[in-house]
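User: I have a model open and would like to go through it piece by piece. Can you take some questions?
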Amino acid sequence: MAEGVFQVAFYLFSTLIIGSALMMVISRSLFYNALFLLVVLLGTAGIYVLLNAEFLAAMQIFVYAGALTVLLLFVIMLTTGRFKKEAKIFHSQSVVGFIVAISLLFLSLFSLNLTSWKIVVGETSHTLQNLANFLFTQYALPFEIASLVLLVALIGAIWLARREEE
Amino acid sequence: MNFSFLYLMGVAGVGIFIFIALSVLILVWLERKVAGHIQSRMGPMRVGWHGLVQTLADMVKLISKESILPAKADKWLFFLAPFVVFIPAYLSYMVIPFAPKLIIRDFNIGLLYFLAIPSISVVGIIMAGWGSNNKYALLGGLRSAAQIISYEIPRALSVVGVVMLAGSMSTVTIVKSQSSIWFILLQPLGFLIYFISTLAEVNRIPFDLPEAESELVAGFHTEYSGIKWSIFMMSEYANVFAGCALCVVLFLGGWHGFLIPKGEPWSSVVSLIWFMVKTLILIFLMMWLRWTLPRFRVDQLMDLSWKVFLPLALINIGLTGLFILGALKLFS
Amino acid sequence: MEFYLLDVLLVLIFSGIGIILIALIFGLSKLISTAKPSEVKESTYECGNVPIGESWIQFRVRYYIFALLFVILDIEMIFLFPWAIVFQRMGLFALIEMAIFVGLLVVGLVYAWRKGALKWV
């Protein structure tokens, strides 16, 4: 029973993600694109929960569905007034875009194929505690470096935005 | 995991919905009464005892009113926005523990879930503002979004201290760990930041800039009328209740209180009453503030969040850490 | 496994119930409400004035800066939650670790403050 429900939920989320991703590409209004992206991100959060990664799912909703989508919507609202253009599906850069997209797809398929996936058997509950234990002991250095990366991003963002304003 | 369980959950879902609808009816009535009496008026008096069923009559009116679709509006965004605003508010009720065992689902990361969900309704607000194709609505939506995201950070930071004390993000565990001492005594600063940020998140005075009547008519829902408008109102009051309920869970001991009999069948009823009374007191405080304080300016609002609350919340976390270390040293 | 499957299932069920109930109320309203659309009624509301120009105007960059700051601080904040859970077990080491992490970001915040990025006007 549980296995069946799992399958149903997985396929539901997958369809949702792929469908909205397609709609995001096809839809011509920038605003709708961002909203479809939101659905994609929420669906991904669902997949994370199915994989027992509840904290990752919460992070996905917090950072991507919440913050990033709002940022995108702000950017769209900031720019459409100035440019008043609808997104075109085909234009001069289509060929380049197509080639890049296809090569990215093959690259990811290739690397998926090459990776030897380990199957974890046993205790998978309390993932958050385990994650925290690892993050703050074994991976303490990458964690601190993440802060540095964020700092650089922050300063860069302010510098760019200030230049834009002037 | 069988169908009777799903059936039960369906009933619970409808039950929560009815609870929200009822609590909104009562809160709107209470708001009008509080407003009236603070201004030396009576408030609604005509329909029912002291106007108790006035909001019910209003609801019937709102349902039967025409729902206008502005010609210039984006039809889909305009239609979907009330859903995107309401559903997150509704979903946040899943992790509120009203009494021992009276909770839909005790998520492992319940608190994080509660804090993450409202960020989706921000998108709904922007949808409403953009979809209306109205200058007031767009400005209101944008302001609302900027305000909510600005206060989301101090709000989330202010509860980190509670998580440190309880050692868990499950709302039930947090309440249980307050059986001897309420966290407001250990986290007064956290409580203050949380409560004021919640005020800002639900767009209430003194933080009601997104719908400042004198400049923006009604903010992001300027073009909305009839039933669609009332869904926005409903989500607003649902958010007020949920925000205050979580405040009780985090800082005011949740269902704990005095005079709760042990092991009796009605002891959880007494707990529920305690929880409701505490929540209502906080809601009353919010209403009181609404009719006492003037509105902030945008720059003051932003300054308060980024220059006052953010540093204070970080300091609070550091102090809590030192406090816990000291306590551990002392009792080990 | 059951545990998390249930979690996600519940959120799905509840979202479904919420959408259906709201749709039902909308349907009911559609049934009993009157609808007499007219050109004036459907025009954009601007306190009676005829709207001038587009309403999708350009906004200040300010909003964008705050959204950017929000994204970055959101990521920082999310790290605090797992840390808070294990804090009591790890003690002083965890506190120092997080002090460095937050301290670096505070430097960024001070930079933002000094550069006037936190100023609204």
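Predicted model: local features only at pLDDT ≥ 70, side-chain atom pairs only at ≥ 80, totals over all residues.

User: OK, chain B. How many helices and strands does it have?
Analyst: Chain B has 13 helices and 0 strands. Along the sequence, the pattern of chain B reads α-α-α-α-α-α-α-α-α-α-α-α-α.

User: And what does chain B span along its principal axes?
Analyst: The C-alpha trace of chain B spans about 70 × 50 × 50 Å.

User: What radius of gyration goes with that, against a compact globule?
Analyst: Chain B has 21 Å. A compact globule with 332 residues would have a radius of gyration near 20 Å, so the value for chain B agrees with that.

User: How much of chain B is buried?
Analyst: Buried residues account for 55% of the 332 residues in chain B. As for contacts in chain B between residues at least 6 apart in sequence, 78% of them join residues at least 24 apart.

User: Which domains is chain B divided into?
Analyst: Domain 1 covers 1-64 and domain 2 covers 71-331. The C-alpha centres of these two domains of chain B lie 19 Å apart.

User: Switching to chain C. Where are its domains?
Analyst: The domain assignment gives domain 1 at 1-33 and domain 2 at 60-121 of chain C. Their C-alpha centres are 36 Å apart.

User: How many residues are in the contact of chain B with chain C?
Analyst: Chain B contributes 59 residues and chain C contributes 49 residues. On the chain B side, the elements giving two or more residues include helix H1 (3-38), helix H3 (75-91) and helix H13 (298-331) of chain B. The largest share of that side comes from H6(B), with 12 residues.

User: What classes of residue make up the side of chain B there?
Analyst: The side of chain B that touches chain C has 39 nonpolar, 12 polar and 8 charged residues.

User: And chain C against chain A, how many residues?
Analyst: That contact takes 42 residues from chain C and 49 residues from chain A. Helix H1 (2-32), helix H2 (61-90) and H3 of chain C each supply at least two residues of the chain C side. H2(C) gives the most, with 18 residues. The chain C side has 34 nonpolar, 2 polar and 6 charged residues.

User: I clicked on C:Tyr111. Which helix is that?
Analyst: C:Tyr111 lies in helix H3 (residues 92-114) of chain C. Leaving out residues up to four places away in sequence, C:Tyr111 touches A:Ile155 and A:Ile158.

User: Why is C:Tyr111 classed as partly exposed?
Analyst: C:Tyr111 is partly exposed because 15 other C-beta atoms lie within 10 Å. A buried residue needs 20 or more, and an exposed one has 12 or fewer.

User: Last topic: which residues touch the most other members of the largest nonpolar core?
Analyst: That core has 180 residues, and those touching the most other members are A:Ala58, B:Tyr90, B:Val163, B:Leu250, C:Ala67 and C:Trp83.

User: What is C:Ala67 in contact with?
Analyst: Apart from neighbours within four places in sequence, C:Ala67 is in contact with A:Val70, A:Leu71, A:Phe74 and B:Ile149.

Key. Residues numbered from 1 in each chain as written. Chains lettered and ligands numbered in written order. Contact = placed C-beta atoms within 7 Å. Helix = DSSP H or I, 4+ residues; strand = E, 2+ residues; numbered from the N terminus. Nonpolar A, V, L, I, M, F, W, Y, C, P; charged D, E, K, R; others polar. Domains from an automatic or database assignment. Rg over C-alpha atoms; globule rule 2.2 N^0.38 Å. Core = buried A, V, L, I, M, F, W, Y, C linked by C-beta atoms within 7 Å.
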